Amino acid sequence: MRNRTIEKVAVLGSGVMGSRIACHFANIGLEVLLLDIVPKDAPQGDPKVRNKIVNDALAFALKSNPSPIYSKRFAQRIRTGNFEDDMHRIADCDWVIEVVVERLDIKQQVFEKVEAHRKPGSLITSNTSGIPIHLMTEGRSEDFKQHFCGTHFFNPPRYLKLLEIIPTKDTLAEVTGFLMQYGEQYLGKTTVLAKDTPAFIGNRIGVFSMMSLLQYVQQSGMSIEAVDKLTGPVVGRPKSATFRTADVVGIDTLALVADSLVQNVPGDEGKDSLKVPDFVRKMIENKWLGSKTEQGFFKKVKGEGGKSEIHALDLKTLEYKPAQKVKFAALEASKPIDDLKQRLKLLVNFKDEAGAFYRATLYPLFVYSANRIPEISDELYKIDDAIKAGYGWELGPFETWDALGVAETVHALKEAGHGVPGWVIDMLAGGNNSFYKIEDGKRLYYDIPSKTYKIIPGTEAFILLDHIRESKTIWKNSGSTITDLGDGILNLEFHTKMNSIGGEVLEGINKAIDLAEQEYKGLVVSNNGANFSAGANVGMIFMMAVEQEFDELDFAIRQFQSTMMRIRYSAIPVVAAPHNMALGGGCELCLHADKVVAHAETYMGLVEFGVGLIPGGGGTKEFAVRISDELKEGDVALNTYRDRFLTIGQAKVSTSAEEAFELGYLRRGTDKVVVSYNRLLAEAKEACLEMVHAGYVKPQQRKDITVLGKTALGLAYLGANAMYSGNYISEHDVKISQKLGYVLAGGDLSQATQVSEQYLLNLERQAFLSLAAERKTLERIQSILNGGKVLRN
């Protein structure tokens, strides 16, 4: 097998998908060539005019929110050009991906030009979402066909994890295998091997789910507010639920995909359920297409006093009215249940309108998905993977069926008049009662042809806590669990609400370090919650401050600080592996770890300023330490101080792990970024073992931290007063800024002085306690507890 590497990629087509795919390739460090058509009547010899389409498209993508790129600096990795003048530049590209308009004739014309310039053996792929892959290579050479494949990214490519790989009968097996592995390991995708069938896997199942649901809504008369309430996070799906998602995607786009499916699957037993409901047709006729026309199922209007409010479409009258809050007995009953699988079981079996809705929409999805095997996939796990990664569901159709109980659901399906696919009946008859099971820390799926369970291919390199927790847990309390990862490495995970850090988590951290120091070699702190940690328990701080229990609050802050310092100064290496939000105390934990192995999508920040406080768990101290270390590297003193002050003072949160380096939360040369979330824990464990094998020695607390004293403090005071004079910040913000500046400067020392970490921790704690006693701070915290948000940049 050829040892293939990718260094340079050409992306042909710079539209919404093309420009963003180019950005994601740049994210992982590749050189990218982005090409598009020449504007009509553009003169020869003027690149600025001839590249206007591609340059405008890339500029628009880079300005979009959320950003398609990890860091603005990475845009320098993308070079632009056009098909007429620059196609020859693909000759030194290792991978050429076509992302032009969805017309077969145009794609074939592009591929004719590609063949004239590509180097033999280079990969050629198409990002089509529905055109048959095998039709694109008609007339192409054998080498072209052997290295050609479909690669269907989902939009937006940086954030949605699905990448469908669709080979043809001519595609070399090593090409398919390489794309499957490269997409997962380097692009961070869930790669799903799909057959060349209409809409492949993700959209075939996803569109059926959407359209059959819309038809039920039309028949039942349910409101769109009710449906979105039932189809969001409560069932493990995105907050945008059903109708808000439709508005974002575009209602005309959904109808186009559904219509295409109906035309291309004439023998599909569920074809009628794919048909677009009448109210959707009327919306398209009215140009109510969603976000792009500023009205779809929802629209924003100006209410009384000019205040914006959301109106929802009444599907019976097709008139907009103020969005209504809805309640269901099933949802109220499910609130105490944190476990999604247990919650689903209650919801689906509940005897109210919500339960009826779930049964009416999930049962057809189960049957349809099961009937698509082996048409769109030979293995059931691919259908689950595609739906989870492409649509953001926590559980795919077969995983949901498992959660409800396969046998119980088969009985319910029969009672409801649904036909059950024969292979499911055979599976149960063979004594196999679930589609998945866990054995020896590995997840197995039911393989239909062999009627046995097999390990999911490509997962051998993953360490997934859900697969090992039951058999490898060695200690736990109400907020944390310690698991043995093997090879002498422990893992500590949190499982509080939002993974906030309170007393039970601090106990878990100390217990994990105790165990590791006594019987093991190292510790990883990671979890598979929605977020790594949203920070310290703000409610606890609020209650202590309101009750004026400042001795207890002082003790709690000392405990938090000492636990963070223990992470830094234990006898074993500690690696933090954050993902998604790592805010406040979660960020402070990372700042004190020996090494951080962060997922690329890590949003890290010290956000305490937004609630009227400064970081009090060692975060402010640690920034003072890093200012001192940067001064030793020759940075201009006050510039370094100002930058770090603003990072905390403006509550800046990184939009990626890469930006966390730029903000000073992560350290170049020490911390690292992993793009594949499934590999995060394995990479963190390996990093911990590397430190063990290198002969880890317990570090000593530092007493050599240079602080700037009054020189830096004056800068903080001057800046805060200037912002206040310009009405940019409040009087309370000035007070917070002065306290922050005081700690970072090391107090009002008359000159630059070397101090200890403990000295800075004492200043930090005193400042935190004084701010916690302020009425304005308590008002801000109460606002957050009542549903407000932390202020961030």
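The model is a predicted one, in which local features need pLDDT of at least 70 and side-chain atom pairs count only at pLDDT 80 or more, while totals for chains, interfaces and linings use all residues. Residues are numbered from 1 along each chain as its sequence is written, and side-chain values use heavy atoms, with hydrogens and water left out.

**Entry 1, the helix pair.** I noted that α23 (residues 550–568) and α31 (residues 757–772) pack at an angle of about 145 degrees with their axes 10 Å apart; helices here are DSSP runs of H or I with at least four residues, strands are E runs of at least two, and both are numbered from the N terminus. The axes are lines fitted to C-alpha atoms, for helices over the stretch in contact, and angles run from 0 to 180 degrees between N-to-C directions. I then listed the contacts (heavy atoms within 4.5 Å) and found, among them, Phe550, Leu553 and Ile557 on the α23 side and Leu761, Phe768 and Leu769 on the α31 side. By class, I read eight nonpolar, one polar and six charged residues in this contact, where Ala, Val, Leu, Ile, Met, Phe, Trp, Tyr, Cys and Pro count as nonpolar, Asp, Glu, Lys and Arg as charged, and the others, Gly among them, as polar.

I looked up which residues of α3 are buried (under 20% relative accessible area; exposed is over 50%, partly exposed in between, with a 1.4 Å probe and protein chains only), and they are Val54, Ala57, Leu58 and Ala61. Seen down the axis, these buried residues fall within an arc of 95 degrees, so they line one face of α3; the arc is that of the directions from the helix axis to the C-beta atoms. They pack against α1 (16–27), β2 (31–36) and β3 (78–82), whereas Phe60 and Lys63, on the other side of α3, are exposed.

I found a cis peptide bond joining Asn65 and Pro66, with omega about 5 degrees, and Pro66 lies in the loop between α3 and β3. The bond from Asn155 to Pro156 is also cis, with omega near 0 degrees. Asp487 counts as exposed at 52% relative accessibility.
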